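Please look through the structure below with its strands, its ligand and a few individual residues in mind. The paragraphs that follow take these topics in turn.

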Amino acid sequence: MDPFKFGQVVSGNDFCPRPDLTKSVMNYIKQGQNIYVQGERRIGKTSLIYETCRRLKKYRTVYIDLFGVKSSDILAKRIVKAIISMEQKESGLFSKIFKTFSHLRPSFTVDPITGLPSISLDAAVKMTPDDIETVLDLITEIQTSQKPVVVVFDEFQDILKLKDAPETLAIMRSKIQFQSNIPYIFAGSLRNKMDEIFIGPESPFFKSAVLVAVGPLAETSFKNYIVKRFNDGGRSINADALNRVFELAGNISGDIQQLCSALWSTSDTGETIEQNNIAKAVELIFAREAKVYEADINTISDQQFRCLTGIARHGGKALTSSRFLMNIGIPSSASVLKALERLIQLRIILKRGDEYKFTNPFFRAWLLYKNF
Ligand SMILES: Nc1ncnc2c1ncn2[C@@H]1O[C@H](COP(=O)(O)OP(=O)(O)OP(=O)(O)O)[C@@H](O)[C@H]1O
Ligand SMILES: [Mg+2]
């Protein structure tokens with residue numbers, strides 16, 4: 001069976017140890033210190049938080065994913081659902097919680113096809129930012145010294161998309177600052193948005209949490225982890241191929257595992273994986289992801305497409321230089337900047353320092369492969 005996991009949280013044996021970060025998050029939690037966890041996409045933020053909370057056996061976690069929240073009503077309901085699902089496992093205060101939210105008519109349903117359970121709340125009852133205050137108060141009530149609570153807001157930057165974002169943030173902040181014994185963890189991958197929340201002087205969350213930056217896994221231990229997984233499955237990978245994997249995946253944990261998974265699928269038991277196995281594995285990734293790439297291309301303009309293929313071919317630095325403009329056939333640097341801005345907005349590329357990079361390294365490779 002394929003031992004590589006990507007696109008999902010990894011924990012326990014699947015979690016390649018990162019002792020320094022785990023320890024520091026653990027200490028912050030024990031101190032009741034609020035933190036914000038920041039790092040590139042697919043680098044391992046959620047897994048770090050999840051694994052750390054799991055190891056702190058005494059603690060219970062209220063985990064709220066803000067991905068795609070569109071209104072404070074949805075946000076408040078996600079928090080309610082997170083509390084209900086945590087208490088459901090614990091059962092201690094479950095009936096009290098259920099009663100508190102009875103006006104939302106919570107109900108449990110099991111998808112008859114997948115068999116997966118879910119909680120639903122009455123969509124007709126609208127919740128407001130003020131209700132978030134009540135909901136956060138409840139967290140204080142369920143917290144005890146024997147069973148302390150950690151609250152995790154993942155993809156927290158998405159809160160900025162709410163129409164009433166400033167009001168919602170202000171209410172959350174005013175509540176959270178008085179809950180000094182409850183550690184809150186805010187995680188997100190869009191650095192400038194997270195900075196806007198935590199270091200923007202205008203923001204209610206200004207200086208309210210300590211930064212924990214999540215970078216790539218330590219190379220040697222991640223390489224050992226990968227080699228062991230291939231070996232345990234009766235295969236091996238040579239050092240050159242492994243280096244190439246790290247390089248191609250831009251040192252991003254999830255992309256490295258994705259490529260290893262494709263190498264696994266395109267090799268056989270007893271085989272030693274070498275550099276020339278990589279092309280086949282990458283083609284498999286292309287086959288699986290081409291639809292997404294094509295959809296992205298269909299949403300962008302000709303100029304944006306020129307910039308994108310230009311970055312794929314010539315790299316992401318000095319994009320307003322006359323040389324780059326000439327290479328991509330766009331006469332003005334202002335047009336390039338505008339196109340880049342849009343590509344960032346679409347999350348196709350991102351900017352790090354003075355360099356523009358592909359969010360997905362396989363998309364870049366695909367554009368080259370297609371000779372675009
Ligand atoms: N400690 C780890 N050990 C092994 N693999 C890891 C580890 N952390 C992350 N990964 C790899 O990265 C993938 C993404 O991890 P995770 O979802 O935790 O990242 P994230 O930073 O929260 O991503 P996103 O920005 O998409 O939310 C995992 O599925 C796994 O392949
Ligand atoms: Mg995540």
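In β5, the residue that pairs by a bridge with I64 is F153, and this pair belongs to a set of six bridges that join β2 to β5 (residues 149-154), two strands that run parallel. Strands are taken here as DSSP runs of E with at least two residues, and helices as runs of H or I with at least four, both numbered from the N terminus, while two strands are said to pair if DSSP finds at least two bridges between them. This is a predicted model, in which local features need pLDDT of at least 70 and side-chain atom pairs count only at pLDDT 80 or more, whereas totals for chains, interfaces and linings use all residues. Residues are numbered from 1 along each chain as its sequence is written, chains are lettered from A and ligands numbered from 1 in the order in which they are written, and side-chain values use heavy atoms, with hydrogens and water left out.

Strand β2 (residues 60-65) has two faces, of which the covered one carries R60, V62 and I64 and the uncovered one T61, Y63 and D65. Another pairing links β3 (residues 107-110) to β4 (residues 117-120), which run antiparallel and are joined by four bridges, with T109 having S118 as its bridge partner in β4. These two strands, β3 and β4, form a hairpin with six residues between them, and G115 in its turn has a positive phi of about 80 degrees.

E155 has a positive phi of about 50 degrees although it is not a glycine, and at 19% relative accessibility E155 counts as buried (buried means under 20% relative accessible area, exposed over 50% and partly exposed in between, with a 1.4 Å probe and protein chains only). A positive phi, near 65 degrees, is also found at N251, again a residue other than glycine; N251 lies in the loop between α9 (239-248) and α10 and is partly exposed, with a relative accessible area of 24%.

Turning to ligand 1, 24 residues surround it, and the closest are K5, Q8, K45, T46 and S47; a residue is near a molecule if one of its heavy atoms lies within 4 Å of it. An oxygen atom of ligand 1 is 3.0 Å from a polar backbone atom of R42, a nitrogen atom of the ligand is 2.8 Å from a polar backbone atom of C16, and an oxygen atom of ligand 1 is 2.8 Å from an N or O atom in the side chain of T46. The protein covers 91% of the 620 Å² of accessible area that ligand 1 has on its own, where areas come from the Shrake-Rupley method with a 1.4 Å probe and, for residues, only the protein chains shown count as cover. Helices α2 (45-55), α8 (219-232) and α10 (253-265) each supply at least two residues of the shell around ligand 1.

Key
A polar contact is a pair of N or O atoms within 3.5 Å; within protein, one must be able to donate a hydrogen and the other to accept it, and residues adjacent in sequence count only if both atoms are side-chain atoms.
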